[in-house]
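Welcome! Let us take a friendly walk through a protein model, going from one chain to the places where chains meet.

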4 protein chains.
Amino acid sequence: MFTTTTTVRVRYAETDKMGVVYHGNYALYFEIGRTEAIRHLGYSYKDLETSGILMPVVELHTKFLRPALYDDVLTIKTTLPLLPTNHLIAFHSEIYNQAGKLLTTGEVVLCFIKADTRQKTNMPDDWLEKLAGYY
Amino acid sequence: MFTTTTTVRVRYAETDKMGVVYHGNYALYFEIGRTEAIRHLGYSYKDLETSGILMPVVELHTKFLRPALYDDVLTIKTTLPLLPTNHLIAFHSEIYNQAGKLLTTGEVVLCFIKADTRQKTNMPDDWLEKLAGYY
Amino acid sequence: MFTTTTTVRVRYAETDKMGVVYHGNYALYFEIGRTEAIRHLGYSYKDLETSGILMPVVELHTKFLRPALYDDVLTIKTTLPLLPTNHLIAFHSEIYNQAGKLLTTGEVVLCFIKADTRQKTNMPDDWLEKLAGYY
Amino acid sequence: MFTTTTTVRVRYAETDKMGVVYHGNYALYFEIGRTEAIRHLGYSYKDLETSGILMPVVELHTKFLRPALYDDVLTIKTTLPLLPTNHLIAFHSEIYNQAGKLLTTGEVVLCFIKADTRQKTNMPDDWLEKLAGYY
């Protein structure tokens, strides 16, 4: 399996009046994890878009176990459980705080589409070849 | 069942470079739907917090079917499928655009906790009594 | 002078751990005020973009006098002190809470540019003609 | 003068449909710059809050010269032009992209207040002593 980790520090703006990270902001952390996973593979999501392919999110499932706090340094663990076989790709994410506690888990399903026609397409061949080595 | 609707206009800040609403922002629209659902019942989430009870989100499940665009007027339909029987409450949300197209569905599970001890608690009795009439 | 008002209710997501609206979020409220001011004039910023003109913000000046709180209903008063004479347009904004207290003032300068070339351009003639009646 | 730099990568969520970073999000970048400036001094804003002192923003002035783009690595240069002499503190910020181009400048004035009474207070003595060496 292809797994990468990256870290992010919680910003003041990301907290809410409950004193913890607003639940909607975990989508941003998952995004950071995916972006860095792709970069770790040797590519960039930015370049993918420039090449004419977009990856809109089609499903997001999140479980919130423990709150993240302001200034926490979070570790985002991003895993690709299965090699994509069609236009969909599903990532699994786990977010831990600096004490090693699991705070949040996420499943994010994205779709490869062509920017101009918005038609479904597949993962680029070179991405697939590079990923294949992990499975 | 208890169902309410409210509307929200998409802000420029809520779009991303794909030209559509950033997927993470739907959590905010669901929140608006729940807030107005509670207000429609005759209560306010703000008053609940003042009384010492918080409702953190513990699960969020979203399916993104079609994109919302800048300046769209979205209708958020919020339903409480079941009367809560313990410390958890689950809302179902549907978001439609001004053409009546279903854009997004969401399931949000929240937990009633006491603000001071962070211990689980139940929905206030008066909320429960008022809701009971809908089931 | 051209002056319009609109209202917005503070979202939970817009607060921070200080228990008040995060200062960066007032830029969004000012944006709502401008959008509704343009709509009040009979146009829409969305249509302007569709016609090939963008209005990026080039300056933002904000003074924060009193905090806005969760669930507050804010009144955003948007004024165009002067009729634009070149590619720039400056709005003045004042935000009041439901008790009529002035919370925040803002000066926002935007620039008219062509979407394709990113060159400066002027306000559309029909906007200018319609506005002229207010000065 | 006390000057520090830190970097931040632009998130997808921070862009808008104009294809650039939404202007309101620079407030978050300035905040990151200040937070890291304080950490560089040997303290933390989080600890300051724990000790009972808050620093709400009272003024924000921003000039937007060039747009920041998705995935850009921005350098935030944060300077304290003057040693505070009362309850106010003013930071100057400059944001550069990876090509070294100046994108945005900001002036942010904050106020030291006591969390419990919301009364004005001064910068902690140990912060002041440590900063004094830079002036």
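## Chain A as a whole

Please keep in mind that this is a predicted model. Chain A contains 3 helices and 7 strands. Going along the sequence, their order is β-α-α-β-β-β-β-β-β-α. The radius of gyration of chain A is 16 Å, close to the 14 Å that the globule rule gives for 135 residues, so chain A is as compact as a globular protein of that length.

How much of chain A is buried? Of its 135 residues, 37% are buried. Sequence distance is worth a look too: among contacts in chain A with a separation of 6 or more, 69% join residues 24 or more positions apart.

## Helix H1 in chains A and C

Helix H1 of chain A covers residues 26–40, which is 15 residues. From its first C-alpha to its last, H1(A) reaches 21 Å, close to the 21 Å expected at 1.5 Å a residue. Buried residues of H1(A) include Tyr26(A), Tyr29(A), Phe30(A) and Ile32(A), and also Glu31(A) and Arg34(A). After H1(A) comes Gly42(A), with a positive phi near 110°.

In chain C, helix H1 runs over residues 26–41. Its 16 residues should span 22 Å at 1.5 Å a residue, and the end C-alpha atoms are 23 Å apart, which agrees. Among the buried residues of H1(C) are Leu28(C), Tyr29(C), Gly33(C) and Thr35(C). Gly42(C) follows H1(C), and its phi is positive, near 110°.

Let us zoom in on one of them. Leaving aside residues up to four places away in sequence, Tyr29(D) touches Val8(D), Leu74(D), Ile76(D) and Ile95(D).

## Where chain A meets chain B

The contact between these chains takes 15 residues from chain A and 15 residues from chain B. On the chain A side, H1 and strand E3 (57–64) each supply at least two residues. Which element gives the most to that side? The answer is E3(A), with 8 residues. Sorted by class, the side of chain A that touches chain B has 9 nonpolar, 4 polar and 2 charged residues.

The strands also pair across this contact. E3(A) and E3(B), residues 57–64 of chain B, run in the antiparallel sense over 5 bridges. There, His61(A) has His61(B) as its bridge partner.

## Where chain D meets chain C

Here 15 residues of chain D are in contact with 15 residues of chain C. Helix H1 (26–40) and strand E3 (57–64) of chain D each supply at least two residues of the side that touches chain C. E3(D) gives the most to this side, with 8 residues. The side divides into 9 nonpolar, 4 polar and 2 charged residues.

In which sense do the strands E3(C) and E3(D) pair, and over how many bridges? They pair in the antiparallel sense, over 5 bridges. Within this pairing, Glu59(C) stands opposite Lys63(D) in E3(D).

Methods:
Residues numbered from 1 in each chain as written. Chains lettered and ligands numbered in written order. Predicted model: local features only at pLDDT ≥ 70, side-chain atom pairs only at ≥ 80, totals over all residues. Contact = placed C-beta atoms within 7 Å. Helix = DSSP H or I, 4+ residues; strand = E, 2+ residues; numbered from the N terminus. Nonpolar A, V, L, I, M, F, W, Y, C, P; charged D, E, K, R; others polar. Pairing = 2+ DSSP bridges. Expected span 1.5 Å × (residues − 1). Buried ≥ 20, exposed ≤ 12 C-beta atoms within 10 Å, placed from the backbone. Rg over C-alpha atoms; globule rule 2.2 N^0.38 Å.
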